[in-house]
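Visitor: Please pick one part of this model and take me through it slowly. I'd like the packing inside, with the cut-offs spelled out as you go.

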Amino acid sequence: MVALIPVLPLLSFLIIGLNYKRINKNLTSWLACGTVFLSFVLSFMAFMQVKSSGVNIEIQLFEWIATQKFSVGFSFLIDPLSALMLLIVTGVSFLIHVYSIGYMSHDEGFNRFFSYMNLFVFSMLILVLGSNYLMMFIGWEGVGLCSYLLIGFWFKNTDYNNAAKKAFIMNRIGDLGFLLGMFLIYVTFGSLDFKTVFSLAASYPVGSTVLVSATLLLFIGAIGKSAQIPLFTWLPDAMAGPTPVSALIHAATMVTAGVYMIARSQAIYVLAPFTMNVIAIVGIVTALVAATIAIYQNDIKKVLAYSTVSQLGYMFVGLGVGAFTGAMFHLTTHAFFKALLFLAAGSVIHALGGEQDIRKMGGLRKYLPITFMVFLIATIAISGIPPFSGFFSKDEILVHAFAQNKLIWALGFFTSLLTAFYMFRLLFLTFNRTFRGTSEQQHHLHESPKVMTIPLIILAILSLIGGIIGIPEIMGGHHALQQFLNPVFNSTGETLELSHSTEWILIASTVAGAFIMIIFAWVRFYKKNIIPAPDTTPRSAIVQLFIKKWYVDEIYNVLITKPIYWLSGFFHKVLDVKIIDGMVNGFGNLAVWTGGKVRYMQTGNIGFYLSAMVLAVVAILMFMMI
Amino acid sequence: MPINNYIVLSSLLFVIGLVGVLVKRNALVVFMSIELMLNSVNLLFAAFSVYHNNASGQIMVIFIMVVAAAEVAAGLAILVLTYRTNHSIDINLLNTLKH
């Protein structure tokens with residue numbers, strides 16, 4: 001039964017992928033969405049079984065690699081952590097698949113799109129279900145491949161292809177870290193199986209070099225996959241893909257794989273405090289940097305992309321300060337509201353016929369009432385206003401950060417203010433005041449079909465109430481998620497040593513801050529009706545820094561891309577042209593040159609030939625006689 | 001007669017033929033000189049055949065005569081053609097392949 005969860009999307013991928021020219025759109029839709037829905041149902045059953053019995057489900061399909069020293073089974077593990085991920089992945093995937101039927105309906109690559117999407121779901125499920133690092137790595141690479149295929153889905157556009165390549169290459173850098181970490185784990189523990197590794201690791205002293213190195217290497221993998229500094233620039237470019245792809249892969253599921261991987265390896269991470277500090281620092285810096293960039297972005301999807309990077313940074317802060325439950329909680333709620341934001345943005349783009357610049361939107365509230373409502377809900381959720389889901393999860397991370405390190409909390413608090421500001425800026429610019437596009441666009445404005453709005457509404461409900469799984473104790477809840485995940489994270493004991501009054505003050509200040517920023521955004525973008533200036537307007541240095549995305553791409557260009565191009569050019573001009581070509585052409589030239597010299601002997605004068613012959617014979621005879 | 005006389009005579013004939021080949025420009029004379037060289041060799045073969053009391057030398061002579069006859073037939077045919085095109089049988093005119 002459990003094995004069917006990933007196999008169903010794979011089957012659908014094979015059927016659609018192999019017959020994509022014959023099969024019609026209707027059948028594709030049913031097949032793709034139906035299999036994912038069945039997976040969701042099975043996942044839900046597995047989830048309930050794990051929840052009620054408290055026993056993990058472990059199955060081994062077959063022995064994959066079996067040698068004397070090294071054995072890896074093709075095996076799945078469902079414990080509370082992977083059960084939670086299963087629900088998120090299959091549930092959100094199903095909704096996005098349904099949405100895609102409407103969004104992609106006019107695209108000629110409809111079948112191709114759904115086959116890739118199903119392959120992605122399969123890979124993601126392998127990643128989540130794998131019971132050892134190698135299985136996880138297969139899924140890890142699989143989702144990377146699907147991400148590449150789907151970013152470059154409209155492959156006739158060179159920019160999109162470049163974005164796909166960029167995403168793939170940056171992920172490779174991270175994957176190398178993951179691979180090396182895996183090797184180190186195997187060399188140290190002689191196994192890649194989660195259970196074996198974690199139980200063996202427990203006997204190592206806290207902070208031992210090998211554990212710190214292994215965790216750091218794995219974290220590099222997470223940096224690449226989850227778009228953290230310094231490898232985050234691929235994610236905004238990945239918005240080249242169709243919007244449902246951005247929602248599914250680059251917001252809800254794939255990019256959270258890094259968070260999942262670290263949460264999964266929690267047993268070894270808690271033994272490496274140095275790595276935990278690194279994670280917290282990388283996370284908070286990413287959250288802050290991405291938020292500052294998001295403020296000045298004018299592309300609706302780019303704003304959401306930087307927001308995703310920023311929220312992922314939050315999750316890493318949660319992991320870094322030891323709030324593993326908090327990180328998983330934020331992952332869950334983020335999957336809901338960020339997928340919703342992207343899908344709603346997709347609905348806007350769909351209505352405007354491909355326009356993504358928020359300066360040319362405005363006033364869409366009238367034309368797209370449902371989209372506006374769900375966008376508003378998701379925006380409130382991500383801004384951290386109670387009782388929406390984002391409030392609880394973000395708050396949990398911030399409270400833990402406060403207990404651990406005040407500076408991290410301060411930066412996180414500031415980031416949450418920026419989040420509220422840029423999200424409401426986006427909301428006001430997109431939906432309020434008057435429409436700023438062309439009159440032809442205005443004429444065509446329409447609310448999306450039901451197949452698109454119903455998934456939006458479901459996600460909106462989840463964003464609204466998703467917080468109930470983790471209501472903190474001071475609010476009279478009992479944090480169901482923490483209790484559920486406790487068997488996985490038991491050794492940490494994520495108890496807070498904060499007094500209730502401190503916690504209340506923290507919560508109140510975050511919420512108050514968010515409200516102030518919302519009012520600020522309202523005054524600026526609604527009341528004063530300020531439209532962001534065109535790209536060419538001169539700005540002060542600091543604003544320019546934000547607009548130019550901290551010049552990270554430019555730095556990479558100078559430090560890595562240019563030297564590589566230079567080196568390639570050097571090898572081309574010197575090694576290839578001069579040495580290799582020179583050698584080959586040299587032999588040719590030598591033959592031509594020798595021929596040119598020797599041809600002077602062919603005078604055509606028969607007397608000369610005869611004399612030469614006679615002299616030669618005489619010479620040979622003399623030589624033989626001597 | 002001592003064998004040395006034969007050797008000297010045929011050597012003389014050979015050298016005369018050789019010089020003829022080298023210095024003459026008339027193709028017909030060159031041919032005759034070549035025949036002279038071949039026949040000087042024939043003479044030597046015959047002389048040694050008698051000297052060693054062995055018949056194979058004389059068989060060689062017959063062979064050479066046959067080859068020489070064939071060669072002359074072909075050669076003269078070429079000469080006729082050359083004369084038809086060039087109205088001359090000067091061998092130094094036969095250098096058109098060079099160009």
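Guide: First, pLDDT is the predictor's own confidence in each residue, on a scale from 0 to 100. This is a predicted model, so local features need pLDDT of at least 70 and side-chain atom pairs count only at pLDDT 80 or more, while totals for chains, interfaces and linings use all residues. Residues are numbered from 1 along each chain as its sequence is written, with chains lettered from A and ligands numbered from 1 in the order in which they are written. Chain B has a mean pLDDT of 90, and 97% of its residues reach 70 or more. For the complex, the predictor gives an ipTM of 0.76 and a pTM of 0.81.

Let's go for the largest nonpolar core, starting with the chain around it. Chain A has 26 helices and two strands (DSSP runs numbered from the N terminus: H or I of at least four residues for helices, E of at least two for strands). Of its 626 residues, 50% count as buried, meaning that 20 or more other C-beta atoms lie within 10 Å of a residue's own; 12 or fewer is exposed, in between is partly exposed, and C-beta atoms are placed from the backbone. In chain A, residues 24 or more positions apart make up 80% of the contacts with a separation of 6 or more; a contact is two such backbone-placed C-beta atoms within 7 Å.

The largest nonpolar core has 203 residues. A core here is a set of buried Ala, Val, Leu, Ile, Met, Phe, Trp, Tyr and Cys residues joined through C-beta atoms within 7 Å. Those touching the most other members include Val317(A), Ala339(A), Leu340(A) and Leu343(A). Helix H15 of chain A (residues 324-351) supplies the largest share of this core, 16 residues. Take Ala339(A): leaving out residues up to four places away in sequence, its partners are Val92(A), Ile96(A), Ala247(A), Ala251(A), Ala252(A) and Leu459(A).

Ala251(A) turns up again where H10(A) meets H14(A), alongside Thr243(A), Ser246(A) and His250(A) of H10(A). Facing them from H14(A) are Lys301(A), Ala305(A) and Thr308(A). The axes of H10 (residues 243-252) and H14 (residues 300-320) of chain A come within 11 Å and cross at roughly 5°. Axes are lines fitted to C-alpha atoms, for helices over the stretch in contact, with angles from 0 to 180 degrees between N-to-C directions. H10(A) and H14(A) are therefore roughly parallel (under 35 degrees; over 145 is roughly antiparallel, 65 to 115 roughly perpendicular, the rest oblique). By class, the H10(A)–H14(A) contact has two nonpolar, four polar and one charged residues; Ala, Val, Leu, Ile, Met, Phe, Trp, Tyr, Cys and Pro count as nonpolar, Asp, Glu, Lys and Arg as charged, and the others, Gly among them, as polar.

Over in chain B, the axes of H2 (residues 27-52) and H3 (residues 56-86) come within 9 Å and cross at roughly 175°, so H2(B) and H3(B) are roughly antiparallel. Among the residues that meet there are Phe31(B), Leu38(B) and Phe45(B) in H2(B), and Met60(B), Ile64(B) and Val72(B) in H3(B). That contact has 14 nonpolar, six polar and one charged residues.

With 30 C-beta neighbours inside 10 Å, Ala227(A) counts as buried.
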